[in-house]
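Open the model in your viewer and keep the selection panel at hand. The stops below say what to select and what is found there.

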Amino acid sequence: MVLDARDISRALTRISHEILERNKGADDLVLLGIPRRGVPLAQRIAARISAVEGIEVPVGSLDITLYRDDLRMKPARALLPTEIPSGGIDGKVVVLVDDVLFSGRTIRSALDALGDVGRPQAVRLAVLVDRGHRELPIRADFVGKNLPTSLVERVSVRLAETDEIDAVSIDGPPEWSEA
Amino acid sequence: MKRHLLSAADLTRDDAMLVLKTAEELRSLADRPIKKLPALRGRTVVNLFFEDSTRTRISFEAAAKRLSADVINFSAKGSSLSKGESLKDTALTLEAMGADAVVVRHGASGAPHRLAHSGWVRSSVVNAGDGTHEHPTQALLDAFTMWRHLGKDGARSGDNLEGRRVAIVGDVLHSRVARSNALLLQTLGAEVTLVAPPTLFPVGIDTWGVETSYDLDAVLPKADVVMMLRVQRERMNASFFPTAREYSRRYGLDGKRMRALQDHTIVMHPGPMVRGMEITADVADSDRSVIVEQVTNGVAVRMAVLYLLLSGANGSDHHGEAPESETDA
Amino acid sequence: MSAYLIRAVSILGGDATDLLLHGGVVAAIGADLTATGDTGDTVEIDGTGLVALPGLVDLHTHLREPGREDAETVESGTQAAALGGFTAVHAMANTEPVADTAGVVEQVWRLGREAGYCDVYPIGAVTVGLQGQQLAELGAMADSAARVRVFSDDGKCVSDAVLMRRALEYVKAFDGVIAQHAQEPRLTEGAQMNEGELSGRLGLTGWPAVAEEAIIARDCLLTAHVGSRLHVCHVSTAGSVEIVRDAKRKGWNVTAEACPHHLLLTDDLAQTYDPIYKVNPPLRTAADGAALRAGLADGTIDIVATDHAPHPHEDKDCEWAAAAFGMLGLETALSIVQETMVDPGLLDWEGVADRMSYAPARIGRIADHGRPIEVGAPANVVLYDPAARRTVVASESASLSRNTPYAGMELPGRVVATFLRGTATVLDGKLQ
């Protein structure tokens with residue numbers, strides 16, 4: 001295990017403070033989690049910001065499935081919820097939240113998806129883990145933990161909301177039968 | 001899901017629920033400023049209509065375009081049965097144009113099946129209504145509409161239509177909508193009762209696994225959904241029923257009958273309606289009526305179907321990609 | 001003219017014996033025959049394991065000529081017949097022009113003689129142009145060189161009761177027979193397949209059994225009433241078998257035929273929506289097939305007739321509703337009778353000879369065919385290997401058309417040789 005529940009909690013607290021610092025407060029902030037695990041992470045960050053600033057930050061989710069660049073290569077996937085907060089994102093500072101940053105393709109898809117939803121003043125990226133191996137010119141603004149990995153390894157993020165436990169671990173190569 | 005959607009029977013319960021849930025996510029697109037998704041960019045969807053059906057065609061067209069597919073509308077009305085070769089020749093033409101999906105409406109039952117299984121085309125075939133056989137996307141949008149009203153949150157058991165009572169009333173014999181709905185709704189666990197005069201039931205209806213009734217008034221109070229089917233006046237010329245008036249009196253849904261429904265019961269119609277025949281205007285325009293919503297839902301459901309059929313290589317491998325974190329791409 | 005000496009062949013499944021065909025007749029039967037001294041060119045054939053049957057007679061063939069020579073000609077159709085073991089076929093009247101005059105039936109008859117692969121007996125139309133309005137000149141056709149004895153509007157039903165009565169009465173003058181295509185037209189408007197559970201599910205308009213049975217019942221009663229002779233074409237339902245059985249029990253002069261495809265195939269094939277399985281009357285249920293086989297076994301159904309119906313490719317390579325009705329049958333009939341009747345023990349080879357040769361010749365009133373294999377009889381003989389198995393390949397058919405529903409199917413038996421009046425039309429399974 002690389003990060004346990006307390007590590008994750010500390011990382012999120014730090015990210016929350018960094019967001020507030022960078023944004024000079026919570027005004028005009030919108031947190032959009034990328035399903036699945038980006039969504040509970042966004043909610044946790046929002047809770048921390050609220051505790052510090054006393055302001056409810058709008059939280060939503062942004063599914064990027066239909067914006068993926070590998071749709072033609074893989075079996076169709078079920079769509080996950082997209083919920084844009086009622087205030088929309090026009091002129092807001094949107095912080096995209098995801099669990100792992102890897103190739104960068106998910107974030108590229110998310111930026112495309114965001115463009116179809118509205119025109120934010122700025123888009124920032126917060127991730128719990130950055131494992132490297134970028135394939136696109138994308139970097140995170142807020143990183144919980146930089147985690148150098150080999151390409152054959154698999155980073156597994158588990159969260160209480162989705163997996164009953166908070167933990168980040170590095171596993172060996174996956175079973176090839178997995179489809 | 002299978003590669004083609006020819007019959008509602010092609011869908012397992014998981015397949016059908018996947019379509020409904022996908023449609024639910026896609027439905028929200030209508031509320032966004034840009035009503036377009038890039039999912040099928042570069043794909044070509046052909047609407048091959050051998051029969052006039054503007055509403056079904058534009059529904060598929062809107063669905064394909066919202067997913068960024070290129071859409072070719074091919075209207076071949078009148079050439080269908082006069083010379084049978086035309087279906088094949090048309091199919092070969094479409095194949096040559098590189099169609100990824102063919103949405104076909106045809107007056108002959110089984111024409112989409114022929115198209116899919118004759119070796120004429122390699123593309124996915126979606127049945128948009130064939131003769132008196134099936135209309136699976138209509139059944140999906142009907143089920144989606146029911147699910148939104150009755151299934152999603154207030155389901156009695158699970159996240160589907162389990163145990164819901166659906167009455168489908170009218171010309172079952174000639175209705176592809178009735179066939180597809182009877183199949184799909186049973187897959188989703190609903191209890192279906194078909195209501196018609198005996199002349200408008202097909203032979204062998206007892207093997208469909210549905211209830212049947214000749215008595216609309218006995219069925220209405222128990223129904224959660226009442227779906228009225230179009231009844232063409234010409235049917236009375238073939239002695240299926242004596243007069244339009246007698247049909248309406250016995251099988252039409254009017255204000256008086258509507259009052260016998262439970263509070264939550266919704267009224268549906270696949271359209272086009274024959275007002276005054278199977279349904280009166282006050283029912284069609286009432287709060288219970290979800291007929292307009294069915295049209296809206298049609299686009300979302302057809303988007304879901306096209307997305308699920310067309311994205312992804314059919315059972316192909318992962319192209320040797322490196323392993324990756326689950327949510328990263 | 002060659003003589004053929006067939007060694008150790010089993011006539012109708014009996015003990016092995018030699019069989020000499022010479023001079024157009026069966027010249028000798030017995031053990032260890034020697035070739036006749038006066039002919040130097042006696043061909044010996046090893047008949048070990050082969051069954052000798054009288055040349056088959058088909059009472060129901062569509063040769064399509066004149067008019068649809070793209071689908072079949074008299075020549076190609078009779079070639080297919082010879083390959084199937086037939087030495088005589090009755091050519092249905094629904095040609096273009098319709099065989100409703102002495103001129104047309106004589107033309108078909110002559111084409112058959114010229115082709116030489118088997119004898120062609122034209123069937124005359126009952127009504128002018130098959131229109132069901134007015135009797136055709138039945139007497140002129142009967143008196144013509146074609147000597148027509150079988151009359152049918154096949155493809156259409158003589159549905160008018162008065163017209164049917166008159167036709168039945170009229171043909172008594174020359175010992176003719178009306179072969180009825182029993183299909184009540186109003187009950188079968190737009191009909192596509194057997195009406196039942198499947199037609200309802202597939203959304204194909206049903207062809208109810210009652211539409212056949214009602215006409216057969218009516219025609220049996222008319223036949224009894226006027227004391228004439230009725231033949232029922234392609235009986236397809238269990239109910240029809242019952243009605244014919246009842247008519248025979250009453251002593252009425254009614255005969256009936258069943259088609260190989262109705263003996264073997266069932267309506268569930270329509271689920272493929274492949275019109276190769278579209279035929280009229282339609283494929284029926286498994287229970288109907290069982291009733292037909294039982295009826296054929298006990299003699300209620302007198303004969304097997306092929307209803308060989310060639311159609312060009314484009315008439316089948318399309319959607320079901322647009323496709324033509326009908327399927328090929330001549331080259332596979334004997335194999336299917338073996339598969340459905342002989343192998344299950346419902347019929348022996350004597351029975352096959354009766355249902356496929358003696359009885360159809362008797363109904364058609366033709367003297368030179370359908371005779372037992374005995375010394376002095378015309379040498380119309382087929383040699384058949386029941387132990388062989390083959391996979392049907394559509395493109396190998398001698399027919400100009402390819403609409404066989406059996407393509408890819410493995411069937412028992414093989415026609416080794418066919419002799420028409422002592423001349424081999426087929427040897428070693430190949431046309432001569």
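## Stop 1: the two domains of chain C

In this predicted model, domain 1 and domain 2 of chain C bury about 1700 Å² between them, with 69% of that area on carbon and sulfur atoms. To see the two parts, colour residues 3–51, 376–387 and 411–431 of chain C as domain 1 and residues 55–364 as domain 2. Their C-alpha centres lie 30 Å apart. Domain 1 of chain C brings 21 residues to the contact, and domain 2 of chain C brings 25 residues.

Next, select C:Arg421 and C:Asp119. They form a salt bridge whose closest N and O atoms are 2.7 Å apart.

Switch to a cartoon view for the elements behind the domain 1 side. Strand 16 (381–391), strand 17 (410–420), strand 18 (423–427) and strand 19 (430–431) of chain C each give two or more residues to the side that touches domain 2 of chain C. Strand 17 of chain C gives the most, with seven residues. By class, this side has 13 nonpolar, six polar and two charged residues.

## Stop 2: the two domains of chain B

Move to chain B and select residues 8–134 and 295–313 for domain 1, then residues 136–293 for domain 2. Here the C-alpha centres lie 25 Å apart, and the contact takes 33 residues from domain 1 of chain B and 30 residues from domain 2 of chain B. The two domains of chain B bury about 2700 Å² between them, 60% of it on carbon and sulfur atoms.

Between these domains of chain B there are three salt bridges. One to display is B:Arg176 with B:Glu51, where the closest N and O atoms are 3.1 Å apart. The interface also has 14 residue pairs in polar contact.

Which elements supply the domain 1 side of chain B? Those giving at least two residues include helix 2 (54–66), strand 3 (101–106) and helix 11 (291–310) of chain B. The largest share, nine residues, comes from helix 1 of chain B. This side divides into 13 nonpolar, 10 polar and 10 charged residues.

## Stop 3: an annotated span in chain A

Finally, select residues 2–143 of chain A, which an unreviewed UniProt entry lists as "domain: Phosphoribosyltransferase". The end C-alpha atoms of this span lie 15 Å apart, and the span is 34% helix and 20% strand.

Note on methods. Residues are numbered from 1 along each chain as its sequence is written. Chains are lettered from A and ligands numbered from 1 in the order in which they are written. This is a predicted model: local features need pLDDT of at least 70, side-chain atom pairs count only at pLDDT 80 or more; totals for chains, interfaces and linings use all residues. Side-chain values use heavy atoms; hydrogens and water are left out. UniProt positions are given in the numbering used here, feature names are shortened, and annotations may be inferred rather than shown by experiment. Helices (H or I, at least four residues) and strands (E, at least two) are DSSP runs, numbered from the N terminus. Domain bounds come from an automatic or database domain assignment. Contact means heavy atoms within 4.5 Å. Buried area is the accessible area (1.4 Å probe) that two parts lose on being put together, summed over both. A salt bridge is a side-chain nitrogen of Lys or Arg within 4 Å of a carboxyl oxygen of Asp or Glu. Ala, Val, Leu, Ile, Met, Phe, Trp, Tyr, Cys and Pro count as nonpolar, Asp, Glu, Lys and Arg as charged, and the others, Gly among them, as polar. A polar contact is a pair of N or O atoms within 3.5 Å; within protein, one must be able to donate a hydrogen and the other to accept it, and residues adjacent in sequence count only if both atoms are side-chain atoms.
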